[in-house]
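Hi,

Here is the structure I promised to pass on.

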Amino acid sequence: MHRTLRFATLGLSLLAACEPRPSSDESASRLEGTVIATGDYLDQPGQLAVIGDRLVVLDRSAPKVHVFRLPDGQRVRSFGQNGEGPGEFRSARHVQPDARHPGDVWIFDLSLRRMTRLRLGDAAEPQVQEVVNLDDGGGVFLHPVWLTDSTFVASGIYPMHADGRLMLAGRTGAFIRMIGQPPPHPGAASIPPTVLQHAYEGPVTVSPDRSRFAIATRQADRVEFFRSDGTPVAQVVGSTGFLPRFETRQRSQGVSMATGDDLRAGYVDLASTDRHVYALFSGNVMGEAGQQTFFGRQVHVFDWSGRMVARLELDEPALTMALAPDESRLYTVRHEPQPSVVRYDLPRLPDGGGPGSVTATGGVE
């Protein structure tokens, strides 16, 4: 079987049988999207965020940042270039509104290990307001999200801190403490903790009022909810319940985590309001889906107690998503048949109840 290395630092034995892919959910509300932006300027659009009356989209390969006007999708500007200087990026991976300064955005660059705050304004080139270089202590922050004005929470790989689920870090990335417990995994006692951190990494979202946050697992059927002080609220496991599948690969720089055609994608993105968490689920297997492995059509909507309140199904697979603050619209990015930004009108959702519930062990019934 063809194997590909996922990124060097970790690994261990082949685990968890590959589950069959779920069929289309008959109970889901079908959504039809409207393409609001497409063109040659879009290459590999990734993360996006609603910032006031603007939609900000990161383009992974340019690297560029595109700003669109809502709701008509008119492109206001594109900026950024490859580099290490102010306003330049190597691999912009996450965008988040700044809670203190309306209209400002934070952009996390994975390669440069830094977060940059930009003021969009009306100028052709947004102004750099602040740059935070993250000292990760030899680890890798994968999904850092501001939790307060001075701390952020992140999933990632932390060789020096392997006893928790997520890291709470100070403004420069300095370790404060670990939050939560590593998910239970068959044979975990014999698996290097950093390997499990890698296998169970995933997107993080913080509620706009910053009272709660959630993490989803990119290679498993799992979403976890926490209060802002780190107290666990719920662990939700879906009906398929599949676990990450990986094996060890020894390389010159050490042990690494290897995955192959049997890798299955779980929850690939999260978006939230003070009422709900929207979780984009893939379920695709790499050997079948190829480059579309981490694209999903199913959106599972939870309240902040972990109770599922709705299931939505998109008309086309999406890579990432963002929400209007009033939950009237969902914005997504797709790459096929051409890179596009898509808008979906959302049904009004209840605050609780719905087609699923959290069991005593956190599973969705």
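Let me start with Arg54, whose side chain makes a polar contact with the side chain of Asp53 at 3.3 Å. (A polar contact here is a pair of N or O atoms within 3.5 Å; within protein, one must be able to donate a hydrogen and the other to accept it, and residues adjacent in sequence count only if both atoms are side-chain atoms.) Arg54 belongs to strand E5, residues 54-59; helices (H or I, at least four residues) and strands (E, at least two) are DSSP runs, numbered from the N terminus. Leaving out residues up to four places away in sequence, Arg54 touches Ala49, Val67, Phe68, Arg69, Leu70 and Val76, where contact means heavy atoms within 4.5 Å.

Before going further, the ground rules: this is a predicted model, so local features need pLDDT of at least 70 and side-chain atom pairs count only at pLDDT 80 or more, while totals for chains, interfaces and linings use all residues. Residues are numbered from 1 along each chain as its sequence is written, and side-chain values use heavy atoms, with hydrogens and water left out.

Phe68, one of those Arg54 contacts, stands opposite Arg75 in E7. Strands E6 (residues 64-69) and E7 (residues 75-79) run antiparallel and are joined by 4 bridges; two strands pair if DSSP finds at least two bridges between them. Their hairpin has 5 residues between the strands, and Gly73 takes a positive phi near 80° there.

Next, an open antiparallel sheet of 4 strands, in the order E18-E19-E20-E21. Its edge strands, pairing on one side only, are E18 (204-206) and E21 (232-237). Inside the sheet, E19 (residues 212-216) and E20 (residues 222-227) pair over 5 bridges, with Ile215 opposite Glu224.

Now the salt bridges (a side-chain nitrogen of Lys or Arg within 4 Å of a carboxyl oxygen of Asp or Glu). The whole structure has 18 of them. Arg100 pairs with Glu130, closest N and O atoms 3.5 Å apart. Arg100 lies in the loop between E8 (92-97) and E9 (104-109) and Glu130 in E11 (residues 127-133), so this pair ties together parts 30 residues apart in sequence. Glu130 also forms a salt bridge with Arg117, at 3.2 Å between the closest N and O atoms. Arg117 sits in E10 (residues 114-119), so here the parts tied together are 13 residues apart in sequence. Arg100 is partly exposed at 35% relative accessibility, whereas Arg117 is buried at 7%. (Buried means under 20% relative accessible area, exposed over 50%, partly exposed in between, with a 1.4 Å probe and protein chains only.)

Another salt bridge joins Arg275 and Glu327 (3.5 Å, N to O). It links the loop between E24 and E25 to the loop between E28 and E29 (329-334), with the two residues 52 apart. Salt bridges that share partners also join Asp98, Arg100, Asp104, Arg117, Arg119, Glu130 and Arg171 into one network.

Last, the largest nonpolar core: of its 22 residues, Tyr278, Val299, Val301, Leu314 and Leu330 touch the most other members. A nonpolar core is a set of buried Ala, Val, Leu, Ile, Met, Phe, Trp, Tyr and Cys residues joined through side-chain atoms within 4.5 Å. Strands giving two or more residues include E24 (267-272), E25 (276-281) and E27 (308-318), and E27 gives the most, with 5. Apart from this core lies another of 15 residues, among them Val223, Ala234, Tyr267 and Phe281.

Cheers
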